[in-house]
Amino acid sequence: MSANGTSPDLSAIKAFIFDVDGVLTDGTLLALNSGEQARAFHIRDGYAIRHALARGYRVIIISGREEEGVRRRLESLDVHDIFLGVPDKMKIFNTYINTYRLDPAHIAYMGDDMPDIEVMRRCAIAACPADAAADVHQISNYTAALPGGHGAVRELVEAVMKAQKTWY
């Protein structure tokens, strides 16, 4: 749902791009004695990602932070297009869409903070969790009712797939 209460057209979406921290997680980092920084993922977001992949949608992850535990979680969901430790999300986005000949008009991007805005502006659906930064809310045409790390990804994926009659 957009800020003005209208729903964007979800019928053309073929690919989802997600940030990690603040989108797939609630943005909390637990600093462990081992030096790892643990995050919590919502199980329903994972289910939706797997279901979307099984139905032929692309799922791409672009995150500014690099953490092996995050990579393992995403790989356990059968996500193959994982870009972590990315300083320039726009560069990865452009390379990816050119390599796979994807039209941004077929992409939904969910981000929550300033590093996501440039790419979000290029995609058909600029989505954000309910608790995204104010600047992200301003440019989003889909705002989830749920916060990041608490089912916002599932909400977007399910809405797209239901609009296209591919959810079940």
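Which residues does Asp 19 touch, not counting residues up to four places away in sequence? In this predicted model, the contacts of Asp 19 are Leu 24, Ile 62, Ser 63, Lys 89, Tyr 109, Met 110, Gly 111, Asp 112 and Asp 116. With Lys 89 the link is a polar contact of 3.1 Å between the two side chains. Asp 19 lies in the loop between E1 and strand E2 (30–31). Its relative accessible area is 6%, so Asp 19 falls under the 20% limit for a buried residue.

Asp 19 and Asp 112 both carry the feature "binding site" in UniProt, in an unreviewed entry. The two annotated positions span 94 residues in sequence, yet no two of their C-alpha atoms are more than 7.6 Å apart, so they gather at one spot. Asp 112 is located in the loop between E6 and helix H4 (114–120). Asp 112 also counts as buried, at 15% relative accessibility. Leaving aside residues up to four places away in sequence, Asp 112 touches Asp 19, Asp 21, Gly 22, Val 23, Pro 129, Ala 132, Ala 133 and Val 136.

Between E5 and strand E4 (residues 58–62), the parallel pairing extends over 3 bridges, and Ile 60 stands opposite Asp 81 in E5.

H6 has 12 residues and reaches 17 Å from its first C-alpha to its last, close to the 16 Å expected at 1.5 Å a residue. Its buried residues are Ala 152, Val 153, Arg 154, Leu 156, Val 157, Glu 158, Val 160 and Met 161. After H6 comes Lys 165, which has a positive phi, near 60°.

Notes:
Residues numbered from 1 in each chain as written. Predicted model: local features only at pLDDT ≥ 70, side-chain atom pairs only at ≥ 80, totals over all residues. Heavy atoms only, no water. Pairing = 2+ DSSP bridges. Helix = DSSP H or I, 4+ residues; strand = E, 2+ residues; numbered from the N terminus. UniProt positions renumbered as here; feature names shortened; annotations may be inferred. Buried < 20%, exposed > 50% of the residue type's maximum accessible area, 1.4 Å probe, protein only. Contact = heavy atoms within 4.5 Å. Polar contact = N/O pair within 3.5 Å; in protein donor to acceptor, adjacent residues only side chain to side chain. Expected span 1.5 Å × (residues − 1).
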